[in-house]
Amino acid sequence: KSFIFYHDATFNDDPSMVRYYRNRIASGYKKAAISDLDITLSYSPSNMFGHELTELGADKDPLPIMVIKDSDSNYVLKEFSMDSYIGFLKDFKAGKLKPYIKSQPIPDNQDSAVKEVVGLNFDEIINDDSKDVFVMFYAPWCGHCTKLKPTYEEVAN
């Protein structure tokens, strides 16, 4: 497990700010009483690792941001304070956090036989054992996809 703290200060530009946050991260870690977890804590300057924030949907959010990377899941704390950080760590240990899933919003109108599947509703629709599911990965710019779409909708009905 990796706990990554993103901030815009670098050690070369502002060493006192980096030390300040490094001490706060360590202090919150101790206060959260999660020392039994096998983790790596790291401090990442956003100007060097901004692409990671983009992948986590957090590139437009104010810094600092805390991320926990655990196997295939990422957990993001976008509003950092000592209280929110300690609660975030405790909730992670207790298994209460929901992982970040990169996704479009779930469409409002899902009444037809053809459903639009996005990251947030993928498991709910695709892994529903009570229904047979056929998935068409569709790109509106693809000529083959647009040609197949009416046939796909007909078969679904």
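Glu52 lies in helix 2, which spans residues 46-55; helices here are DSSP runs of H or I with at least four residues and strands are runs of E with at least two, numbered from the N terminus. The model is a predicted one, in which local features need pLDDT of at least 70 and side-chain atom pairs count only at pLDDT 80 or more, while totals for chains, interfaces and linings use all residues. Residues are numbered from 1 along each chain as its sequence is written, and side-chain values use heavy atoms, with hydrogens and water left out.

Glu52 is buried but has no salt bridge. Buried denotes under 20% relative accessible area, exposed over 50%, and partly exposed the range in between, for a 1.4 Å probe and protein chains only. A salt bridge requires a side-chain nitrogen of Lys or Arg within 4 Å of a carboxyl oxygen of Asp or Glu. The nearest side chain of opposite charge to Glu52 is that of Lys69, 4.3 Å away; Lys and Arg count as positive, Asp and Glu as negative, and His and the chain ends are not counted. Leaving aside residues up to four places away in sequence, Glu52 touches Tyr6 and Lys69, a contact being heavy atoms within 4.5 Å.

Strand 3 (residues 65-70) pairs with strand 4 (residues 73-77) in the antiparallel sense over five bridges; pairing requires that DSSP find at least two bridges between two strands. Ile68 has Tyr75 of strand 4 as its bridge partner. The two strands form a hairpin with two residues between them, and Ser71 in the turn has a positive phi of about 55°.

The largest nonpolar core has 20 residues, and Phe3, Ile34, Met66, Ile68, Tyr85 and Leu89 have the most contacts inside it. Such a core is a set of buried Ala, Val, Leu, Ile, Met, Phe, Trp, Tyr and Cys residues joined through side-chain atoms within 4.5 Å. At least two of its residues come from each of strand 1 (2-7), helix 1 (15-31), strand 3, strand 4 and helix 3 (82-94). Helix 3 supplies the largest share, six residues. A second, separate core of seven residues includes Tyr6, Leu53, Leu56 and Ile65.

The cysteines remain to be considered. With a disulfide defined as a pair of cysteine sulfur atoms within 2.5 Å, the count is zero.
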